[in-house]
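Welcome, and thanks for taking a look at this briefing. Please keep the sequence and the 3D view open side by side as you read.

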Amino acid sequence: MAAVLMRFVPSSLGPAAVQRSLSFSSSAAVRAISLSPTKPLPEKVKIVEVGPRDGLQNEKTLVPAEVKIRLIDMLSEAGLPVVEATSFVSPKWVPQMADQEEVMRGIHRKNGVNYPVLTPNLKGYRAAVNAGAKEVAIFGAASELFSKKNINCSVEESLQRFEEVMTAAKQDGIPVRGYVSCVLGCPYEGKVSAAKVAEVAKRLYSMGCYEISLGDTIGVGTPGGMIEMLEAVKKEVPVQALAVHCHDTYGQALANILVALQNGVSVVDSSVSGLGGCPYAQGASGNVATEDVVYMLHGLGIHTGVDLHKLMDAGSYICRSLNRRTSSKVAQAACKL
Amino acid sequence: MGNVPTTVKQYLDCGTLVGDFPWSSWLLEEKKGPDVRSFPDFVKIVEVGPRDGLQNEKEMVPTEVKIQLIDMLSQTGLSVIEATSFVSSKWVAQMADHTEVLKGINKLPHVRYPVLTPNLQGFQTAVEAGATDVAVFGSASETFSKRNINCSIEESMQRFERVISAAKQAGIPVRGYVSCALGCPFEGAVQPTQVTKVVKRLLELGCYEVSLGDTTGVGTAGSMAAMLHAVTAEVPVHTLAVHCHDTYGQALANILTALQMGVSVVDSSVAGLGGCPYAKGASGNVSTEDVVYMLQGMGIETGVDLSKVIEAGEFICRALNRPTNSKVARATKA
């Protein structure tokens, strides 16, 4: 007996698209779903600008505190709701972030804009709060080898360190953002299981992180892997609490971001001018450029609150200061080199 | 089977359906693993580096180098390699050696080597040089048509009609291109209905496939979806290809969108050869390496050996003395 089976069709699809989804046989129903046009996208996307931290941290050229401060101020003016300002790690490990206190005290905090800082441990956390930080971030990994090589301890040990930070942050009423690196591949382990990513994400979320940013640290991910990983993570963490942090080392970032949006994610990390090369592939690119992300989102009719021209101005400014070419194609096309 | 209604109300939530009819879950169950059913199983890549790529490079490349590039590309598994263009060398100096190139390449039996033929004269010269596949280049924008090939869209269609007619007689398949499918450097926005009109015309004239070109790379996933939505309402999706430029970094996301809408033919250029003539210093064609990397990662077959494409890309970049535009090539060799 034939039955008309139909998937719930989101109201944003037009009648023609609905027609394509109707079918009169079971196998055709499953096939018809696969041919449906672009899934509904979020109306708004929050962009987390990581250029001043993740970007500058991975640039060979050191920039003085005044330049960092000016950059952050320009980014605030461009309408970005979150600007990751600096990192309270030991300058022994990350000399680019040695002026962390000066930067924190020097920036003009725009109303409504958040300025999270990285705090790898309790000591860094205290220094951050002392310097006026109102939001912090902690950085876990989905790969054991990466954790050991990057922060010299196992994933479990790192999570225990973070518990200390979480406890202190809860007491101080300071929100904490969690990062998971190597979600789509590890420079040492290679393939990373989606289950492991979900496990670490769940731990960070249960600990009290309000948001978990899933990082494709070496940019090896492709849309299929992104979907698989997100499906696993969404079982453990609500999608509203997820962000994607895609690297563009293999040119896959925008495609990966697009499928993430199609799968419910509405927070995207990016870096002005695509600052920050890849420390694992010399000469290769790293972070995805905020300008290119904003261009795509605006073209999709998604609201970001960002003024692309002001953003490009901030990008030209920092590229001049670093004496390097922008990694943003939008900026290149607009001749803002 | 129990009390199964013959019709189900529109917009029935499948959760409700499964709740009421538990047996239905096996029909609705998603395949395990990534949602790759939303994408084609196989994508044909049309390599345009030797033509569209080199045509837009400032450096002139000697004939032997072009021939070697095409021969290297033939070994990668690519099934279509656009070899050259039979336009007047007065307009496109880089393609002046078209006859020599077409005669000089080692044509493999499982690979096609289409060439551009803007008019009957070009077509005849191409056939004399041994062409077995040709392509004609229309535009969805009147202004672009006039500025680029010095005639209106309608006049260009009349020219193509003569080419296609001659090609039919000679048993030579013709591919159509529509430029400015997502925007025009002169007119700005281009209506999807306008693109549909030109596509239909080319198919009616006898083209077996039409490649939709985002000539200045301004398109986004949004405008790609809107354009394809309009075009596929009137022509079968299997006759369509996308030719995305990466000038604004949007190419892979646009290609992904096209794949989700049923397109399974993608044009690309080894090493991302070919800058954008409308935005100085900006990039143009999307890199074949980056496209293949994405498709491979998604489990989509292309028949292409990525490492061999990277080698061909390195070869031509050395010859042109310029860095590759492919991020995959850069990351791999880093």
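Contact here means heavy atoms within 4.5 Å. This is a predicted model, in which local features need pLDDT of at least 70 and side-chain atom pairs count only at pLDDT 80 or more, while totals for chains, interfaces and linings use all residues. Residues are numbered from 1 along each chain as its sequence is written, chains are lettered from A and ligands numbered from 1 in the order in which they are written, and side-chain values use heavy atoms, with hydrogens and water left out.

**Around A:Val176**

- Where does A:Val176 sit? A:Val176 belongs to strand E6 of chain A; helices (H or I, at least four residues) and strands (E, at least two) are DSSP runs, numbered from the N terminus.
- A:Val176 is buried, at 2% relative accessibility; buried means under 20% relative accessible area, exposed over 50%, and partly exposed in between (1.4 Å probe, protein chains only).
- Leaving aside residues up to four places away in sequence, A:Val176 touches A:Val136, A:Ile138, A:Met166, A:Ala169, A:Gly208, A:Cys209, A:Tyr210 and A:Glu211.
- One of these partners, A:Gly208, is 32 residues apart from A:Val176 along the chain, and their C-alpha atoms are separated by 7.3 Å.

**Helix H9 of chain A**

- A:Gly208 also follows H9(A), and its phi is positive, near 130°.
- H9(A) covers residues 194-207; at 1.5 Å a residue its 14 residues should span 20 Å, and the end C-alpha atoms are 20 Å apart, which agrees. The expected span is 1.5 Å times one less than the number of residues.
- The buried residues of H9(A) are A:Ala194, A:Val197, A:Ala198, A:Val200, A:Ala201, A:Leu204 and A:Met207.
- An α-helix has 3.6 residues a turn, so residues three or four places apart point the same way.
- Those buried residues pack against strands E5 (136-141), E6 (176-181) and E7 (211-216), as well as helices H8 (155-172) and H10 (223-234), of chain A.

- How many of the 10 residues of H11(A) are buried? The count is 10 of the 10 for this helix (residues 253-262), so H11(A) is largely enclosed by the rest of the structure.
- After H11(A) comes A:Gly264, with a positive phi near 100°.
- The axes of H12(A) (residues 290-299) and H13(A) (residues 308-322) come within 10 Å and cross at roughly 170°. The two helices are therefore roughly antiparallel to each other.
- On the H12(A) side, A:Thr290, A:Glu291, A:Val294 and A:Tyr295 meet A:Leu308, A:Leu311, A:Met312 and A:Gly315 of H13(A).

- Most residues other than glycine have a negative phi, and most peptide bonds are trans.
- A:Ser273 is not a glycine, yet its phi is positive, about 60°. A:Ser273 lies in the loop between strand E9 (267-270) and H12 of chain A, and counts as buried at 0% relative accessibility.
- B:Cys180 likewise has a positive phi, near 60°. B:Cys180 is found in the loop between strand E6 (174-179) and helix H9 (192-205) of chain B; with a relative accessible area of 0%, B:Cys180 is buried.

**Chain B overall**

- Chain B has 14 helices and nine strands, and 58% of its 334 residues count as buried.
- Of the contacts in chain B between residues at least 6 apart in sequence, 74% join residues at least 24 apart.

Conventions. Axes fitted to C-alpha atoms, helices over the stretch in contact; angles between N-to-C directions. Parallel < 35°, antiparallel > 145°, perpendicular 65-115°, else oblique.
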